[in-house]
Amino acid sequence: MRLLTSVAALRCYLRSSRTQNPDNLVGLVPTMGGLHLGHLSLIQRAKAETSGVVVTIFVNPLQFGPNEDFQKYPRALEADLQQCEQAGVDVVFAPSIEEMYQSSMQTMVIPPGSMMSGLCGGSRPGHFQGVATVVTKLLNLVQPDRAYFGQKDAQQVAIIQRLVQDLNWPIEIISCPIVRESSGLAYSSRNQYLTTSEQQQATVLYRALLRGQERFNKGFHTATEIKQIVQTELDTEPGVQVEYIELVEPNSLIPLTTIETTGLLAIAARVGKTRLIDNLILRHRQPIIAIDGPAGAGKSTVTRKIAQALGLLYLDTGAMYRAVTWLVLQSGIAIDDEPAIAEIVSQCQIELIPDGEQPRTVINGEDVTEAIRSLEVTANVSAIASQWAVRQALVKQQQAFGRQGGIVAEGRDIGTTVFPDAELKIFLTASVQERAKRRLLELHTKGKIEVTQEQLEQDIAQRDQLDSNRAISPLRKASDAVEIQTDNLTIDDVIQRVVGLYSREQGTA
């Protein structure tokens, strides 16, 4: 692991790294140090999804107000470096204030006022300008493919996502789940300020959020009803001084009166002299089932049948990539003309219309359900699907399908990237030998007997290696996915197991 403290050294390191490994993805984990298990979960996620991880440690003075804890904010660089090295971080960038801000006159980045005025913005004027400015500098310095932030700072995450969107940066902002102590208290560098009795008092924040969630799950969807039960629980700890209880739309941060689809329930409070925040996402939608796994594990067949059994939409992501391939071929664009393909795919609109077990596929108003199964489309779809712009555009459209829920989707990273908030995640797998055997039987049924099982096993093992290490949408098992090993299971067995998991999930919702 390298420790770098200057902008010049960081740029030199990254330039050399990209020259040697141009296809590697870079992940950025910005921190202010005082690392805890929440930070380490971000690093672990970045390690799993990228080839090089940069952690920044910088206590940013621009985001602290006059009466805040800048001087006493936890600083433990040696301990932080040790944790980073143990976690497998590639480089830590820990600049001084003088290195980051070389002049007392600073260009500031100002996010939309509507996103800064509520929640923490009310009591921390100037805070989010400071956050946006330092994050802009770090994104510009590192130029990562993905940057990882904790959902505990939900307002910060929403503002940074908007920042990246508005400035057209090709960076994915990954929001990672809150990590909690066994008591339910969300990990925070400021927790070390709390006395033992204050730590116990602080657990009421999460209990209050859970009471709000319980109220919501019983059908009470107005902000007044939900916030009232949260306040009632917080009142059980007189030593906790509530700053706000708010219910807002998670992306725009606009206050909600009623949750139509999704709401962010957020709390800020002081426990002793320490200011703490916490939140939960409340979702009012039909569930999403995400099914991932290696090639040949039977995902497509199982996913179609599960969707039909549960009355959900089968989100045929393969058909979406085929539809784009058909459109490219119809337009006469060369398969390797990535700018032209990027332009056409960014402007197309795909519909998947329920029609029995297999939905009909419509692109730009034209039904292409049969056309996308042609030999020409089949021969070219892999080349089209591997292009970054195609991937980005279709993930956006897939996520648009998911806003209302009620879908089942399968692929390599559906549960990790496309729908990380899916209510049920399945990782469907089988041994290389079993998948080769199934493929051999399929080929024999079609009269093709020139290939051996040993050859198929080698091909499948090689495909697994490529799928797990590809730069775009690598094969990953989500940490909260249920793995189903199908070697000794029939298709009906798998379907029954997933339907059972879905029913239990619904029973606890």
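Me: How many bridges join β12 to strand β13, and which way do the two run?
Reply: This is a predicted model. In it, 4 bridges join β12 to β13, which covers residues 360–363. The two strands run antiparallel.

Me: Which residue in β13 is the bridge partner of I350?
Reply: I363 is the bridge partner of I350.

Me: What sheet has the order β12-β13-β14?
Reply: An open sheet of 3 strands, with antiparallel pairing. Its edge strands are β12 (350–353) and β14 (366–367). Each of those pairs on one side only.

Me: What holds strands of a sheet together, in general?
Reply: Strands of a sheet pair through backbone hydrogen bonds, either parallel or antiparallel.

Me: Which helix lies across β12, β13 and β14?
Reply: Helix α12, residues 317–331. It runs at about 40 degrees to β13.

Me: Back to I350. What does it touch, leaving out residues up to four places away in sequence?
Reply: I350 touches M320, A323, V324, T361, V362, I363, L394, Q397 and F401.

Me: And the largest nonpolar core? Which residues have the most contacts inside it?
Reply: V324, I350, I363, V390, L394 and F419. That core has 35 residues. Helix α12 gives the most to it, with 8 residues.

Me: What does the second core include?
Reply: The second core is separate and has 26 residues. Among them are L28, M100, L139 and V164.

Me: New topic. At what angle do helix α1 and helix α6 pack?
Reply: About 40 degrees, with their axes 9 Å apart. That angle makes α1 oblique to α6. Helix α1 is residues 7–20, and helix α6 is residues 127–142.

Me: Which residues meet there?
Reply: From α1, V7, L10, R11, L14 and R18. From α6, N140, L141 and V142. By class, the contact has 5 nonpolar, 1 polar and 2 charged residues.

Me: What about the sheet with the order β11-β15-β10-β16-β17? How many strands?
Reply: It is an open sheet of 5 strands, with parallel pairing. The edge strands are β11 (313–315) and β17 (482–485). The twist averages 20 degrees from one strand to the next.

Me: How many bridges join β16 to β17?
Reply: 4 bridges join them, and the strands run parallel. Strand β16 is residues 424–429. L428 stands opposite I484 in β17.

Me: Which helix lies across β10, β11, β15 and β16?
Reply: Helix α11, residues 299–310. It runs at about 175 degrees to β15.

Me: Where is I245? Buried or exposed?
Reply: I245 is in strand β7, residues 240–248. It is buried, because its relative accessible area is 9%, under the 20% cut-off. I245 touches K227, V230, Q231, L234, L265 and A266, not counting residues up to four places away in sequence.

Me: How far apart are I245 and V230?
Reply: They are 15 residues apart in sequence and 7.7 Å apart in space, C-alpha to C-alpha.

Me: Last one. What is phi for L253? And for N364?
Reply: Phi of L253 is near 65 degrees. N364 has a positive phi of about 50 degrees, although it is not a glycine. L253 is in the loop between β7 and β8, and N364 is in the loop between β13 and β14.

Me: Which of those is buried?
Reply: L253 is buried, with a relative accessible area of 6%. N364 counts as partly exposed, at 46% relative accessibility.

How values were computed. Residues numbered from 1 in each chain as written. Predicted model: local features only at pLDDT ≥ 70, side-chain atom pairs only at ≥ 80, totals over all residues. Heavy atoms only, no water. Pairing = 2+ DSSP bridges. Contact = heavy atoms within 4.5 Å. Axes fitted to C-alpha atoms, helices over the stretch in contact; angles between N-to-C directions. Core = buried A, V, L, I, M, F, W, Y, C linked by side-chain atoms within 4.5 Å. Buried < 20%, exposed > 50% of the residue type's maximum accessible area, 1.4 Å probe, protein only. Parallel < 35°, antiparallel > 145°, perpendicular 65-115°, else oblique. Nonpolar A, V, L, I, M, F, W, Y, C, P; charged D, E, K, R; others polar.
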